[in-house]
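Here are my notes on the model you asked me to look over. Keep the structure open while you read, and look up each residue as it comes up.

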Amino acid sequence: MSTTLTSKGQVTIPKHIRDALGLGPGSAVDFELDEQGRVVIRPARGPRRRRTPDRFEAARGKATVAWRTDALMRLLRDDG
């Protein structure tokens, strides 16, 4: 399978390879050249291997105002 290098030097890692390596958005990877000059990609080890949390999951349960749906809809619609 081939892919195209962007002007910024980026490529898309095919899904079946991302799945096999357990990579997702925000995953860190390491690149190496082996003895034959082939590129090896693997998940990064150590402190850099931190997956970016889902922004909605990170905010879930953080609200400090207990809005009722009908009161919020009145406010948003300016129904007084």
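The points below go from the overall layout to single side chains.

1. Ground rules. This is a predicted model, in which local features need pLDDT of at least 70 and side-chain atom pairs count only at pLDDT 80 or more, while totals for chains, interfaces and linings use all residues. Residues are numbered from 1 along each chain as its sequence is written, and side-chain values use heavy atoms, with hydrogens and water left out.

2. Layout. The chain has 3 helices and 2 strands, and reading along the sequence gives you α-β-β-α-α. Helices (H or I, at least four residues) and strands (E, at least two) are DSSP runs, numbered from the N terminus.

3. Of the 80 residues in the chain, 8% are buried. Buried means under 20% relative accessible area, exposed means over 50%, and partly exposed is in between (1.4 Å probe, protein chains only). The accessible surface of the chain is about 7,500 Å², and carbon and sulfur atoms hold 53% of that. Areas like this come from the Shrake-Rupley method with a 1.4 Å probe; for residues, only the protein chains shown count as cover.

4. Strand E1 (residues 29-33) and strand E2 (residues 39-43) pair in the antiparallel sense over 5 bridges. Two strands pair if DSSP finds at least two bridges between them.

5. Side chains of opposite charge can pair when their charged atoms come close. The cut-off used here is a side-chain nitrogen of Lys or Arg within 4 Å of a carboxyl oxygen of Asp or Glu. Glu32 and Arg42 form such a salt bridge, at 2.9 Å from N to O. Glu32 lies in strand E1 and Arg42 in strand E2, so the pair ties together parts that are 10 residues apart in sequence.

6. Arg38 in the loop. Arg38 sits in the loop between E1 and E2. Asp34 is its salt-bridge partner, with the closest N and O atoms 2.9 Å apart. The Arg38 side chain also makes a polar contact with the side chain of Gln36, at 2.8 Å. A polar contact is a pair of N or O atoms within 3.5 Å; within protein, one must be able to donate a hydrogen and the other to accept it, and residues adjacent in sequence count only if both atoms are side-chain atoms.

7. A salt bridge within a helix. Lys15 and Asp19 are both in helix H1 (residues 15-21), 4 residues apart, about one turn of the helix. Their closest N and O atoms are 2.8 Å apart, making a salt bridge. How many salt bridges does a search of the whole structure find? It finds 4.

8. Trp67. This residue lies in the loop between helix H2 (55-59) and helix H3 (69-77). Trp67 is partly exposed, with a relative accessible area of 49%.
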